[in-house]
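User: Hello! I am new to this structure and would like to understand the words used for it. Could you take me through them?

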Amino acid sequence: RGAGRRIDCLATIRAIALTMAPKLDRARAIAFANNKGGSGKTFMAFQLACEAARSRSGSKVLVIDFSLYSDISALLLGGSARAGIGAAMKGLQTCVDATTDAIRAEGLVRALEAAAMAREGVRSESAQAPRRSSVFGSWFARGGEREPPGGVVDEIDVDLTTFTIRPHDYNSEIPENLYLCAGAGLNSWGDERAHLMDVDGEEVPLWARQGDEWMGAGQVFRDAVERLPKEFGAVMIDTDHLAACVLTKLAFSAADSIVIPLSYNDMDFNRLFSDGTGNSLFNVLLAMDSAGVLKARIRKLMFTRVGATANTPIQSPGGIASPFTPTKTSMAQMDDMARQIWSVCNAPAYRNLFSGIEDIEPTEANAVRTFMNEYFGTLKLMPELASLISTMNGIPVCNMTTRTYTAANGLSGNTSAAVLNSLKSELSTSTRDVMDDDRYNAPISSSEK
């Protein structure tokens, strides 16, 4: 009974904290990041973005796709289904058919570059002058044009709404108040656009480019996010799994917070801190913070695909709050990984990466438990059929019903109302937690067909 009272007390404290948390008078921008592919990053961003839009229908959500694979664009625009090996995903084909490069994510980056050059006062006055090189690639080269690309306001600012489409117009399962700055995979970031040679004449891949040439565009992007119209309540940026990629750095320079999906795999976990390719997420963040260009701070580390034994909310022995009851093995592994992250926070440079860490008050005089309760969360392992339908057909869990769905591979079936209601309720809790905002509180949608 004592443990139960402690859980109830901490849950009440968290609920009060959400109510009292300062509400931004502009959109809250969140970057989803992990330098290991397969961590559940894009799937989580897809589900949370759709739930944020559904649960606060009077406010708009903007999703920006800064992943080289453009998977979240595929999910929002119709799903990942393919006609065969090598064929485009259904959602990405919709993106190519419905958009042009001028209004997609690559058009946004080119506009950011043009505005950054204009701010620096070095854009050529001659339309015939040679283009300057761009760290993003030859297509993104700034300067050399008398008129800047579309979306540039007074040549030094960028209007993000110029680069958005409404996925609901192509996929009716997506909430009407969700907007997308889409990417189109190789059509957006392929070699013909991102081509760049080093001083020795060797091609340098986009993800491997170093230096600070992206920083001007990063500042323009930060300003553009802050200048979004008031009706936008949230910006969610899906980043590339290569943390050192300049697109990912753009996101970190403009977002308010970072959400990191975690798996139980210890090797994947270690790569957050050490990666032979130079893409360790924490090392990238440390370097950006040292250079004074990191705006985003870590808000949540979310364990994904967590096995459950019951739908009852609980806290792990170490203090990680979960809207369902994970298995004992899951809780033990989560607690161990969370303690390891707490241990690196003994170094001030690491502590500085976490949002508001200096302001948290230890619960029961236990700083470690408070840290784990504040910065960690869980997402349940979804039933295989529901996960498959959600991914292949582009249907977010928040709008799923008990009707029979058929995936592109021919597999069909349905999920019970009890299972869907549980998933929706847990997703609603996680969305409010990630957003630090109790205004995302509409009752879950009906699961009956």
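Analyst: Gladly, starting with two helices: the axes of helix α8 (residues 215-226) and helix α9 (residues 246-254) come within 8 Å and cross at roughly 50°. This is a predicted model, where local features need pLDDT of at least 70 and side-chain atom pairs count only at pLDDT 80 or more, while totals for chains, interfaces and linings use all residues. Residues are numbered from 1 along each chain as its sequence is written, and side-chain values use heavy atoms, leaving out hydrogens and water.

User: Why are α8 and α9 called oblique to each other?

Analyst: Angles under 35 degrees count as roughly parallel, over 145 as roughly antiparallel, 65 to 115 as roughly perpendicular and the rest as oblique. The axes of α8 and α9 cross at roughly 50°, and α8 and α9 are therefore oblique.

User: Which residues make the contact between α8 and α9?

Analyst: A217, G218, F221, R222 and V225 of α8 meet L250, A251, S253 and A254 of α9. Contact means heavy atoms within 4.5 Å.

User: What makes a nonpolar core, and which residues have the most contacts inside the largest one?

Analyst: A nonpolar core is a set of buried Ala, Val, Leu, Ile, Met, Phe, Trp, Tyr and Cys residues joined through side-chain atoms within 4.5 Å. The largest has 84 residues, and F66, F221 and F354 have the most contacts inside it. Helix α5 (residues 105-120) gives the most to this core, with seven residues.

User: Why do β5 and β13 stand at the edges of the sheet?

Analyst: Seven strands form an open sheet in the order β5-β2-β6-β1-β7-β8-β13, with parallel pairing. Two strands pair if DSSP finds at least two bridges between them. β5 (178-181) and β13 (376-380) each have a single partner strand, so one side of each is left without a neighbour in the sheet.

User: How do you know that β1 and β7 pair?

Analyst: Strand β1 (residues 28-32) and strand β7 (residues 257-262) have three bridges, in the parallel sense. That meets the requirement of at least two bridges.

Technical notes:
Buried means under 20% relative accessible area, exposed over 50%, partly exposed in between (1.4 Å probe, protein chains only). Helices (H or I, at least four residues) and strands (E, at least two) are DSSP runs, numbered from the N terminus. Axes are lines fitted to C-alpha atoms, for helices over the stretch in contact, and angles run from 0 to 180 degrees between N-to-C directions.
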